[in-house]
Amino acid sequence: MIDVKELSVSFGQGEGRKQVVKSVSFSVGKGETLGIVGESGCGKSTVLRSLAGLDRHWQGTISLNGNPVDPERTKEQLLLAQMVFQDPYSSIHPRHRIERVLAEPVRAMKKGEGWDRVAPALQQVGLPTGFAERFPHQLSGGQRQRVAIARALMLEPEILLLDEPTSALDVSVQAEVLNLLCDLRDQRGLTYVLVSHDLSVIAHMCDRVLVMQNGSFVDELTKDDLQQGKTHHPYSQMLFDATVITPER
């Protein structure tokens, strides 16, 4: 579903030019969840934004569902992958009712008015249909993130790009959102790329994980590796030493 070869991303010009992603390559099969883990600033989110078409400074090759995409995406290419952002407080317009938040992607892509899709979208993420009339400030953080997930699914993408989707939530709510994402993946056959600095989240969700340091992948771990605490690089071991991973139930 995703094939990336020699992806590089740089920002700035001349002496101030900085390469934040350094010739990374990876692939993700249909229905698979790939995790990318590393410290803040290592380039994880930039990889996601390049896949989503939000950053256009990249070089290399990106193919989605077998088709190469350009930095300037067509509408059809943009429909393939949608993104769920880290902070549900800032990723949803504070002055728009939830029904408008959800209908907006459909209208922007000229796929209809979108209003008829709002109630089913809320139901699929476990929210009452009456929430359509509410404003974001009337919802909790977990409810807002459920709305953000519903919005990402409005255009029926095959790929969801998840940028630290639970890090801004209370610990008690994180598991609910992660379980929702697992259920949606299984029901809809979705492919995920999940970025996080939290190995316990990665272990709960992912089939494989790539460990990123300073713009490059330094390690690749399987789900069994995660559960057993097995690593192949000192940086990965440092991340494990800083994280308590609870066994999957």
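This is a predicted model: local features need pLDDT of at least 70, side-chain atom pairs count only at pLDDT 80 or more; totals for chains, interfaces and linings use all residues.
Residues with a relative accessible area under 20% are classed as buried, those over 50% as exposed, and those in between as partly exposed. Gly 189 sits in the loop between α6 and β8 (191–196). Its C-alpha atom is 7.6 Å from that of Lys 30, although 159 residues separate Gly 189 and Lys 30 in sequence. Beyond residues up to four places away in sequence, Gly 189 touches Lys 30, Gly 31 and Leu 184.

The axes of α5 and helix α6 (residues 171–188) approach within 10 Å, crossing at roughly 20 degrees. Because angles under 35 degrees count as roughly parallel, α5 is roughly parallel to α6. The crossing of α5 with α6 is right-handed. From α5, the contact draws on Gly 142, Gln 145, Arg 146, Ile 149 and Leu 153. From α6, the contributors are Val 173, Glu 176, Val 177, Leu 180, Leu 181, Leu 184 and Arg 188. Sorted by class, the α5–α6 contact comprises seven nonpolar, two polar and three charged residues.

Helix α5 (residues 141–153) also meets helix α3 (residues 98–108). Here the axes come within 8 Å and cross at roughly 30 degrees. This angle makes α3 roughly parallel to α5. The α3–α5 crossing is right-handed. On the α3 side, the contact residues are Ile 98, Val 101, Leu 102 and Pro 105. On the α5 side, they are Val 147, Ala 150 and Arg 151. The α3–α5 contact has six nonpolar residues, one charged residue and no polar ones. With 3.6 residues a turn, residues three or four places apart point the same way.

The largest core holds 51 residues, and Leu 102 and Ile 149 touch the most other members. Leaving aside neighbours within four places in sequence, Leu 102 is in contact with Val 118, Ala 121, Leu 122, Val 147, Ala 150, Arg 151 and Met 154. Another core, of 30 residues, lies apart from the largest one. Its members include Cys 42, Leu 80, Val 193 and Leu 210.

Leu 80 is also one of the contacts of Leu 64. Leu 64 lies in strand β4 (residues 58–64). Its relative accessibility is 1%, so Leu 64 counts as buried.

In helix α1 (residues 44–52), seven of the nine residues are buried, so α1 is largely enclosed by the rest of the structure. Gly 53 follows α1 and has a positive phi, near 90 degrees.

Positive phi values also occur in residues other than glycine. In Ser 23, phi is near 50 degrees. Ser 23 lies in strand β2 (residues 18–28). Its relative accessible area is 39%, so Ser 23 is partly exposed. Lys 110 is not a glycine either, yet has a positive phi of about 55 degrees. Lys 110 is placed in the loop between α3 and α4 (118–124). With a relative accessible area of 68%, Lys 110 is exposed.

Pro 234 provides a further exposed site, at 66% relative accessibility. Pro 234 belongs to helix α9 (residues 234–241).

Notes: Residues are numbered from 1 along each chain as its sequence is written. Side-chain values use heavy atoms; hydrogens and water are left out. Axes are lines fitted to C-alpha atoms, for helices over the stretch in contact, and angles run from 0 to 180 degrees between N-to-C directions. Helices (H or I, at least four residues) and strands (E, at least two) are DSSP runs, numbered from the N terminus. Angles under 35 degrees count as roughly parallel, over 145 as roughly antiparallel, 65 to 115 as roughly perpendicular and the rest as oblique. A crossing is left-handed if the near helix is turned anticlockwise from the far one by less than a right angle, and right-handed if clockwise. Contact means heavy atoms within 4.5 Å. Ala, Val, Leu, Ile, Met, Phe, Trp, Tyr, Cys and Pro count as nonpolar, Asp, Glu, Lys and Arg as charged, and the others, Gly among them, as polar. A nonpolar core is a set of buried Ala, Val, Leu, Ile, Met, Phe, Trp, Tyr and Cys residues joined through side-chain atoms within 4.5 Å. Buried means under 20% relative accessible area, exposed over 50%, partly exposed in between (1.4 Å probe, protein chains only).
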